[in-house]
Amino acid sequence: MSMIRKSMPSGHDTMGGNRFSLATNAERVCAEIMLKIKSSTMRNLIAAGLIACTTPACAASEADFKTAYAAAEAAEKEAGALRNQWTTTEAMLTAAKKAAEASQFDQAVASSKEAEALAKASIFQATSEKQRWKDLEIR
Amino acid sequence: MIMRVAISFVSAALALAALAAPPAIAADTPNPAADATAFQKFFTNKFPKLKPEDFVNGPYSMNEDLHRQWEEKEQFPPYEFALETGKEMFATPFKNGKTYGDCFPDKGIGIRQNYPYFDDKEGKVITLELALNRCREANGEPPFSYVKDEMASLTAYMAFTSRGKPFDIKIPDDPRALEAYQKGKEYFYTRRGQLNFSCATCHVQAPGERIRAEILAPALGILNAMPIYRSEWSGMGTISRRFTTCNSQIRGVPLSPQDEEYRDLEYYLSYVSNGLPISGPGARP
């Protein structure tokens, strides 16, 4: 039970919107899965595994960052081709790079994933707006 | 025989009817004249107390208090320095002895209301800011930044010489011109940025409403007062500056000033304000 965060998740927008944070959602989903597992032995094993993954031995590597960053960059490039990049995606890509330069690869991977999610949302927006703009037109 | 006559009669009647009936217009076929009528009607219905020419004062037309502020501001207008600088720049010859006036019809005086226009040789929309920089480059001068003071000063002076003249944007009988107009319209209504706003979200759906401390201007007549001195910026702003800033405010990465999308947008927005007087340079909160 203690694994469920009581504080507001980082992806939640206090203005009532959704900042498209997939990383935060993943944390929540993991916690929910843990609660649903009935077997206490199994639960302990998974918990031990998760705790172990917080140690440096299981931390994200530079290679993980490079993979995550490349995926984010590719999605942002696609948004660029649609002429619809978001400033927040750019900021997250910069943050990822900065974290990687400081060898904080966990943070760098998380920021890259956030950037990728944002870029994909901007692609979705650009694609759906190709028809939806007509709904707003004064006729 | 009677049957043959009857068939001929019916055929002739059908042919006449086909000639008399206007060609069917598909729902998606652009019709700029109808758009402009609907656009202006939308705003005059929304603000029945305003005369069409009042809309060029943007937020200052939206209520009496703001209108009084505008009247007081016009006593000592904050754009006056830019206007004087622009006048001087406009008259100063380039190194080759030519001036801006040599690049424009009527020596560049009183022509603001005709920009942007569609250039049939190039097949693109040409804005006044673009034409000014092309004039500089053609005369061996480096172009100005589209978002900084020099460009604002020059366009302020040119707008001033057109004050009171109604916007007179033409869409020639050229499918490329119609396409540029349509793309400008599409840009205007398309939501973008993380905030998922279109230009219309603020300037069609919410003119007169507050967004934080600002009163939103109506889209009708929004370019007639350009360039503007904005108190928020503590300086002058060109149309390019206005467009790029709007994009970044909704968390979208702005395009480069004078990219085709922005030129098409200016073409659309100016066309639908045809008939409203040029009031630039203007001042805004």
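A residue is buried if 20 or more other C-beta atoms lie within 10 Å of its own, exposed if 12 or fewer, and partly exposed in between, with C-beta atoms placed from the backbone. By that count, 24% of the 139 residues of chain A are buried. In chain B, buried residues make up 41% of 285.

This is a predicted model: local features need pLDDT of at least 70, side-chain atom pairs count only at pLDDT 80 or more, and totals for chains, interfaces and linings use all residues. Residues are numbered from 1 along each chain as its sequence is written, while chains are lettered from A and ligands numbered from 1 in the order in which they are written.

**Chain A: overview**

- Chain A has five helices and zero strands; helices (H or I, at least four residues) and strands (E, at least two) are DSSP runs, numbered from the N terminus.
- Its pattern along the sequence is α-α-α-α-α.
- The mean pLDDT of chain A is 76, and 58% of its residues reach 70 or more; pLDDT is the predictor's confidence in each residue, from 0 to 100.
- Over residues 1–30 of chain A, pLDDT stays under 50. For this stretch the model has 22 contacts beyond four places in sequence; two residues are in contact if their C-beta atoms, placed from the backbone, lie within 7 Å.
- Among contacts in chain A with a separation of 6 or more, 66% join residues 24 or more positions apart.

**Chain A: α3 against α4**

- Helix α3 (residues 62–81) and helix α4 (residues 87–101) of chain A pack at about 160°, with axes 11 Å apart. Axes are lines fitted to C-alpha atoms, for helices over the stretch in contact, and angles run from 0 to 180 degrees between N-to-C directions.
- α3(A) and α4(A) are therefore roughly antiparallel; angles under 35 degrees count as roughly parallel, over 145 as roughly antiparallel, 65 to 115 as roughly perpendicular and the rest as oblique.
- From α3(A), A:Phe65, A:Tyr69, A:Ala72, A:Glu73 and A:Glu76 meet A:Thr89, A:Leu93, A:Ala96 and A:Ala100 of α4(A).
- By class, this contact has six nonpolar, one polar and two charged residues. Ala, Val, Leu, Ile, Met, Phe, Trp, Tyr, Cys and Pro count as nonpolar, Asp, Glu, Lys and Arg as charged, and the others, Gly among them, as polar.

**Chain B: overview**

- Chain B has ten helices and seven strands.
- Its C-alpha trace spans about 85 × 50 × 35 Å along the principal axes.
- Residues 24 or more positions apart supply 72% of its contacts with a separation of 6 or more.

**Chain B: α7 against α10**

- α7(B) and helix α10 (residues 260–271) of chain B pack at about 95°, with axes 7 Å apart. That makes the two helices roughly perpendicular.
- The α7(B) side of the contact includes B:Ala180, B:Tyr181 and B:Lys183, and the α10(B) side includes B:Glu261, B:Asp264 and B:Leu265.
- By class, the contact has nine nonpolar, one polar and four charged residues.

**Chain B: Ser162**

- B:Ser162 is in the loop between α6 (149–160) and α7 of chain B.
- B:Ser162 counts as buried because it has 21 C-beta neighbours inside 10 Å.
- Beyond neighbours within four places in sequence, B:Ser162 contacts B:Gly110, B:Ile111, B:Arg112, B:Gln113 and B:Ile278.

**Interface**

- 20 residues of chain B are in contact with 14 residues of chain A.
- α2 (32–46) and α7 (175–189) of chain B each supply at least two residues of the side that touches chain A. α2(B) gives the most, with three residues.
- By class, that side of chain B has eight nonpolar, seven polar and five charged residues.
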